[in-house]
Structures are given as structure tokens and as C-alpha cells.
Amino acid sequence: MKKKINLALPEWAWLYTDDDTIQNRDLLLHVRSASIIEFVPAPNIGGLTTSNYRKFTIPECLGEEVIYALPHYIAGDADCEDADLTQEILDKAIAYYVDWSEKEEARAIEDFQNDILKASN
């Protein structure tokens with residue numbers, strides 16, 4: 001009897017590498033469209049040379065953080081000039097990033113609380 005193997009891929013994947021090219025950068029790959037979006041905190045944005053970005057905020061325990069979503073490559077639109085396609089993928093990417101950020105924040109708070117409990121015992 002042949003066993004079925006699930007070869008499904010996730011919709012999103014974070015890009016990591018051992019070299020310095022993308023270290024300390026939040027680069028998200030939309031697997032289904034092969035699109036790449038970078039998320040940059042406002043203090044690190046510097047002189048933005050493109051008008052093709054989305055600015056949004058994420059909640060944090062000490063307030064809000066402003067983030068820029070910059071499309072590096074949108075499949076089918078290498079120059080990211082198709083506004084509808086770019087916006088559709090950016091909307092999905094921002095929703096994923098916000099959800100991921102909220103989970104990371106919750107994990108960090110839980111780890112902090114566990115550290116305090118361990119230290120008090």
C-alpha cells in the first residue's frame with residue numbers, strides 16, 4: 001500500500017542566511033507568488049528612495065511601533081508597478097506580520113514572567 005506524503009508548502013516563509021546580506025532584516029517570502037516583502041521599523045528607514053511602500057503600526061506592550069512594508073519583488077510585476085497586485089500581496093503580508101508580531105510579543109511576555117517566577121523560587 002502506497003503511503004500519501006503531504007508536500008504542501010506554507011503560504012509564508014521568513015528568509016534567513018548565514019551571510020551578512022540579510023542579517024537583522026525582516027524579509028518575508030510569499031511562497032505562492034514568489035514575492036518578497038521587507039519590514040523595516042520607522043527609526044531604521046533612513047532616506048526612503050521609493051514611494052512604493054505601506055506604513056502601518058503594530059501594538060507593543062509599551063505602545064505602538066511604526067513599520068514600513070517595502071515590496072522588493074512581486075511575481076508578475078518585477079518593478080512592483082502593478083498597484084492592484086502589489087497592494088493585494090502587501091495586505092496579506094502585513095496581516096501575517098501583525099499576527100506574527102502579536103504572537104512573538106506574547107511569547108516574550110510569557111518568557112519574562114517565567115524568568116521572574118524562577119528567580120523568586
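Which residues form one aromatic cluster? I looked this up in what is a predicted model. The cluster is made up of Trp12, Trp14, Phe39, Phe56, Tyr96, Tyr97 and Trp100.

**Aromatic pairs**

I counted eight aromatic pairs by the ring-centre rule. I then took up the pair of tryptophan 14 and tryptophan 100, whose ring centres lie 4.7 Å apart. Tryptophan 14 belongs to strand E1 and tryptophan 100 to helix H1, and the pair links parts of the chain that are 86 residues apart.

I also checked the accessibility of both partners. Tryptophan 14 has a relative accessibility of 18% and therefore counts as buried, the cut-off being under 20%. Tryptophan 100 is at 26%, so I put it down as partly exposed.

**Nonpolar core**

Next I went to the largest nonpolar core, which has 15 residues. The members that touch the most other members are Ile37, Phe39, Phe56, Ala69 and Tyr97. I traced where the core comes from: strands E1 (12–14), E3 (35–41), E4 (54–60) and E5 (63–73), along with helix H1 (83–120), supply at least two residues each. H1 gives the most, with six residues.

I listed the contacts of isoleucine 37, leaving out its neighbours within four places in sequence. Isoleucine 37 is in contact with Trp12, with Asp26, Leu27 and Leu28, with Ala69, Leu70 and Pro71, and with Ile89, Leu90 and Ala93.

**Sheet**

In what order do the five strands of the open sheet run? I read the order as E1-E2-E3-E5-E4, with antiparallel pairing. E1 and E4 are the edge strands, each pairing on one side only. Direction ignored, neighbouring strands of this sheet are turned by 30 degrees against each other on average.

I looked at one pairing in more detail. E3 and E5 pair in the antiparallel sense over six bridges. Proline 41 has isoleucine 67 in E5 as its bridge partner.

**Alanine 34**

Last, I checked a backbone angle. Alanine 34 has a positive phi of about 60 degrees, although this residue is not a glycine. I located alanine 34 in the loop between strand E2 (26–30) and E3. Is alanine 34 buried or partly exposed? Its relative accessible area is 39%, so I noted alanine 34 as partly exposed.

Notes:
Residues are numbered from 1 along each chain as its sequence is written. This is a predicted model: local features need pLDDT of at least 70, side-chain atom pairs count only at pLDDT 80 or more; totals for chains, interfaces and linings use all residues. Side-chain values use heavy atoms; hydrogens and water are left out. A nonpolar core is a set of buried Ala, Val, Leu, Ile, Met, Phe, Trp, Tyr and Cys residues joined through side-chain atoms within 4.5 Å. Buried means under 20% relative accessible area, exposed over 50%, partly exposed in between (1.4 Å probe, protein chains only). Helices (H or I, at least four residues) and strands (E, at least two) are DSSP runs, numbered from the N terminus. Contact means heavy atoms within 4.5 Å. Rings of Phe, Tyr and Trp (its six-membered ring) pair if their centres lie within 6.5 Å; planes under 30 degrees apart count as stacked, over 60 as edge-to-face and the rest as tilted. Two strands pair if DSSP finds at least two bridges between them. Axes are lines fitted to C-alpha atoms, for helices over the stretch in contact, and angles run from 0 to 180 degrees between N-to-C directions.
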